[in-house]
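This briefing describes the fold of a single protein chain for use alongside its coordinates. The points below are grouped by topic.

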Amino acid sequence: METGISCIMYFHGYRSYQKKRLKNKYGKYLMGMLAVMALAAFFVQRQELWSIGKKAAVKMAGTAVVDVLAPGLHYEEKENGNHFLAKVEKILFPIADYTVQIQSYETDAESTLSYEMILAMEALDENYVDENGQVVMQNNGGTDSPQPADGTQNADNPQAADGAQNADNSQAAATAQNPDTSQETSDSAGQASLTVAQPVTATQKAVEYSLEKLNDFDYLVQNFYQVDSTTTVKSDQLNVAALTGKNMKIAHDAGTPQILIYHTHSLEGYADSIPGDRSTTVVGVGDYLTELLTQQYGYNVIHDTGEYDTIRDKAYSKAAPALEQILADNPGIDVVIDLHRDGVGENTRLVTNVNGTDMAKVMFFNGLSRTTKLGDIAYLYNPYIADNLAFSFQMQLAAAEYYPGYTRKIYLKGYRFNMHYCPKTLLVEVGAQTNTVQEAKNAMVPLADILNKVLSE
């Protein structure tokens with residue numbers, strides 16, 4: 001009997017010993033794993049520990065211990081926090097992080113685009129002619145009235161019959177004298193002898209637009225805007241009362257500079273531009289607009305002829321510091337105009353006739369800092385989007401009423417295009433590579449007049 005009891009007690013003691021042994025063994029494994037985790041965390045965060053200082057390092061260590069031993073006691077919501085456990089998990093179990101990356105790859109790749117990459121994409125977001133003379137079409141489709149692949153501007157005249165109300169028979173006659181005569185031909189030889197048109201002062205509206213019609217968002221977009229498929233626009237951004245209600249008048253007299261004209265793409269030329277002669281490029285067109293605004297209308301204008309597009313995909317980032325400096329040196333500048341030239345299919349010529357003079361058609365261009373894939377681009381923030389939109393719309397409306405057929409629709413696209421430096425910023429596309437220099441210069445006459453009507457009258 002005693003022997004049996006002894007055996008039972010021995011067996012019970014042996015089991016207790018085994019349990020303790022296993023417990024100690026698991027304890028050693030756990031301690032070893034914790035040590036590995038601590039070392040891994042140390043190496044991952046060593047740079048941060050060196051840079052944040054002793055007190056902050058001690059605090060971080062304490063937080064890490066709490067996170068490991070009692071994670072429920074410490075919770076801090078961070079958008080991009082460097083969580084201790086997350087880093088350890090990433091080192092010890094990389095396959096889990098890889099799986100997450102695969103699941104969110106497309107979104108992650110888009111949301112972490114560098115600022116430089118965005119600027120490069122922005123610079124390549126406009127139509128242009130490459131070094132081989134081939135047109136690279138970027139603006140080839142909108143969500144409301146897409147353009148054909150060859151660049152032909154169908155329904156490009158915002159003066160729709162149901163929205164235009166002729167004030168009287170004389171105005172109807174004026175409308176008939178200003179038809180939209182965009183030509184689909186590459187023959188520009190006959191235009192080379194055109195002379196620069198004399199300044200035009202349109203004292204009467206040729207067309208009157210109904211506010212009731214303009215207040216209809218669908219009507220407004222279809223008749224005044226081309227919304228690219230890469231972006232979206234909201235009805236509160238294109239509210240006619242807000243667009244027309246913003247005061248665009250010049251804030252001071254011509255004692256100091258009031259208007260800045262510059263060219264992000266100063267190398268853009270026309271069908272008959274002379275290589276090496278900048279006066280036959282968009283810069284020469286800017287010279288003529290400057291002359292009209294100063295001599296005919298009395299504005300104080302700075303024309304910056306800096307060359308920023310020797311590397312096209314860096315043009316906007318290169319132009320930005322120069323633009324900042326000019327505005328810092330001339331704080332009274334109230335209007336900024338970035339004058340461009342568009343790129344279209346070789347069989348398309350954007351030509352219209354105003355008061356008997358053939359000229360290139362003009363297009364106003366806005367960046368919304370929003371794409372359909374990224375949504376609002378926070379790091380391309382533009383506090384003046386509403387002002388930019390109001391400026392281009394008031395210009396477009398004045399052009400439609402005084403010079404029907406002169407402008408193409410306002411083009412809305414993503415990104416920012418350096419329009420965030422000044423509320424009254426205008427990006428203007430003057431014709432295309434199939435227009436002549438003379439046609440482009442002739443187009444500056446109505447443009448100067450419309451600018452004067454919006455900025456002064």
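**Overall architecture**

The protein chain contains 15 helices and 15 strands, in a model that is predicted. Of its 457 residues, 46% are buried.

**Chain-level values**

- Contacts between residues at least 6 apart in sequence join, in 81% of cases, residues at least 24 apart.
- The accessible surface amounts to about 23100 Å², and carbon and sulfur atoms account for 55% of that area.

**The seven-stranded sheet**

- An open sheet of 7 strands has the order β5-β14-β11-β15-β8-β6-β7, with mixed pairing.
- The edges are β5 (225-227) and β7 (301-303); each has a single partner strand, so one side of each is left without a neighbour in the sheet.
- From one strand to the next, the twist averages 25 degrees.

- Strand β14 (residues 410-413) is parallel to β5, and 3 bridges connect the two.
- Within this pair, Q226 has Y411 of β14 as its bridge partner.
- Helix α9 (residues 217-224) packs on the sheet and touches β5 and β14, with its direction at about 90 degrees to that of β5.
- Helix α13 (residues 385-402) lies across β5, β8 (335-342), β11 (362-367), β14 and β15 (425-432), and it runs at about 165 degrees to β11.

**Strand β6 and its partners**

- Strand β6 (residues 259-262) is covered on both faces: I259 and I261 are buried on one side, and L260 and Y262 are buried on the other.
- On the β7 side, β6 pairs in parallel through 3 bridges, and L260 is opposite I302.
- With β8, the pairing of β6 is also parallel and comprises 4 bridges; here L260 is opposite V336.
- A right-handed β-α-β unit is formed by β6, helix α11 (residues 282-296) and β7.

- A polar atom of the T425 side chain lies 2.6 Å from the backbone oxygen of C422.
- Leaving aside residues up to four places away in sequence, T425 touches V336, N388, F391 and M419.
- One of these contacts, V336, is also the residue of β8 that stands opposite L260.

Notes. Residues are numbered from 1 along each chain as its sequence is written. This is a predicted model: local features need pLDDT of at least 70, side-chain atom pairs count only at pLDDT 80 or more; totals for chains, interfaces and linings use all residues. Side-chain values use heavy atoms; hydrogens and water are left out. Buried means under 20% relative accessible area, exposed over 50%, partly exposed in between (1.4 Å probe, protein chains only). Contact means heavy atoms within 4.5 Å. Accessible areas come from the Shrake-Rupley method with a 1.4 Å probe; for residues, only the protein chains shown count as cover. Two strands pair if DSSP finds at least two bridges between them. Axes are lines fitted to C-alpha atoms, for helices over the stretch in contact, and angles run from 0 to 180 degrees between N-to-C directions. A polar contact is a pair of N or O atoms within 3.5 Å; within protein, one must be able to donate a hydrogen and the other to accept it, and residues adjacent in sequence count only if both atoms are side-chain atoms. A crossover is right-handed if, with the strands pointing away from the viewer, the path from the first strand over the helix to the second runs clockwise.
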